[in-house]
Amino acid sequence: MKEDFRDRIKNLARLLYKSRYLVVFTGAGISTESGLPDFRGPDGVWTRKDKGLPPKPMAKSWEEIEPNSGHLAVLELYKIGKLKFLISQNVDNLHLKSGIPNQLLAELHGNRAKFRCTRCEKTIDRSARQKVCDCGGALVSTVVDFGQPLPQRDLDLAFEHSRKCDLFIVLGSSLVVTPAAEMPVEALRSGAKLIIVNKGETPLDRFASLRFHEKIGEVFPEAVEELKKFMGTQVT
Ligand code: APR
């Protein structure tokens, strides 16, 4: 079993090494190891709600929630020049907090740390503690609720990069919410390989070239370290 896992990590590293246009796509499952609940995992917010249970109380305050080894492994891919674009469904601000630059990220469902002006559309950090925009417009949360439109810039960029990539990696998503879940489908349609690292089943499992059911924190940091060894030893 151990050997098989090591082999699969090496295969993931090889696919990362060969990729010329890598897109990573994250869901709530990448933030559970930071102490945040997911939605449809065994203890997820919607799973518990369906059982008439409230969400599990958070052990830490939002300010204390930090990026984990999974977020940092994605950041490492950016630092070594491998990550072309990052698409996230998460509103927890952890990719930006980890150091991912804004222009490399589409936050399809918004970001709880950002407000948007209803008049000039400017986004303002919650930390600015501004009540109204400089233009006088009212500030509203950027978090997208069910049935609301997704931010156009993020949606357009996510589709564009999903169609251009040659490798699309899903980290911690059940892939059941659209239009976000259309991104891996667009990637497959464009001939990209799909890799899924997710503890739960997804509707796209049978299309994945590599499938990990282990925790992201056990898989992705090790695969990125393996990739760096490859890059260090291979003459490009
Ligand atoms: N490692 C790997 N997989 C994990 C981990 C982990 N450490 N923790 C949780 N998972 C898996 C869960 O088993 C689940 O299959 O991550 C998946 C998360 O799926 P969801 O909870 O459905 O989250 P997500 O796919 O991001 O939901 C999409 O739905 O409720 C809306 O707007 C909300 O953005 C959210 C959207």
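The protein chain has seven helices and nine strands; helices (H or I, at least four residues) and strands (E, at least two) are DSSP runs, numbered from the N terminus. Its radius of gyration is 18 Å, close to the 18 Å that the globule rule gives for 236 residues, so the protein chain is as compact as a globular protein of that length. The radius is taken over C-alpha atoms, and the globule rule is 2.2 Å times the number of residues to the power 0.38. Along the principal axes, the C-alpha atoms fill a box of roughly 55 × 45 × 35 Å.

This is a predicted model, in which local features need pLDDT of at least 70 and side-chain atom pairs count only at pLDDT 80 or more, while totals for chains, interfaces and linings use all residues. Residues are numbered from 1 along each chain as its sequence is written, and side-chain values use heavy atoms, with hydrogens and water left out.

**Sheets**

Strands of a sheet pair through backbone hydrogen bonds, either parallel or antiparallel. Here two strands pair if DSSP finds at least two bridges between them.

Six strands make an open sheet with parallel pairing, in the order β3-β2-β1-β7-β8-β9. Its edge strands, β3 and β9 (210-212), each pair on one side only. From one strand to the next the twist averages 15°; axes are lines fitted to C-alpha atoms, for helices over the stretch in contact, and angles run from 0 to 180 degrees between N-to-C directions. Within this sheet, β1 (residues 22-26) and β7 (residues 167-171) run parallel and are joined by five bridges. F25 has V170 in β7 as its bridge partner.

Another open sheet has three strands in the order β5-β4-β6, with antiparallel pairing. Because β5 (123-125) and β6 (139-141) stand at the edges with a single partner strand each, one side of each is left without a neighbour in the sheet. The twist here averages 40° from one strand to the next. Strand β4 (residues 114-117) is joined to β5 by three bridges, and the two run antiparallel. K114 is bridged to D125 of β5.

**Pocket and cavity**

Both kinds of space are found on a 1 Å grid over the protein atoms alone: a cavity is a set of points where a 1.4 Å probe fits but cannot get out, a pocket is an open set with protein on both sides within 12 Å along at least five of seven lines, and lining residues have an atom within 4 Å of a point. Grid points are joined across faces, edges and corners, and a volume is the space filled by probe spheres set on the points.

| Space | Volume | Lining residues by class |
|---|---|---|
| Second largest pocket | about 490 Å³ | six nonpolar, eight polar, six charged |
| Largest cavity | about 40 Å³ | two nonpolar, four polar, two charged |

Ala, Val, Leu, Ile, Met, Phe, Trp, Tyr, Cys and Pro count as nonpolar, Asp, Glu, Lys and Arg as charged, and the others, Gly among them, as polar.

The second largest pocket is lined by 20 residues, of which R116, T123, T142, P151 and D154 are the closest to its centre. β3 (105-107), β4 and α5 (152-164) each supply at least two residues of this lining, and α5 gives the largest share, three residues. Domain 1 (2-36 + 65-109 + 148-233) and domain 2 (113-143) both contribute to the lining, so the second largest pocket lies between them; the domain bounds come from an automatic or database domain assignment.

The count of cavities of 30 Å³ or more comes to one. The largest cavity is lined by S88, N90, D92, N93, L94, H95, L105 and E107. α4 (94-98) and β3 each supply at least two residues of that lining.
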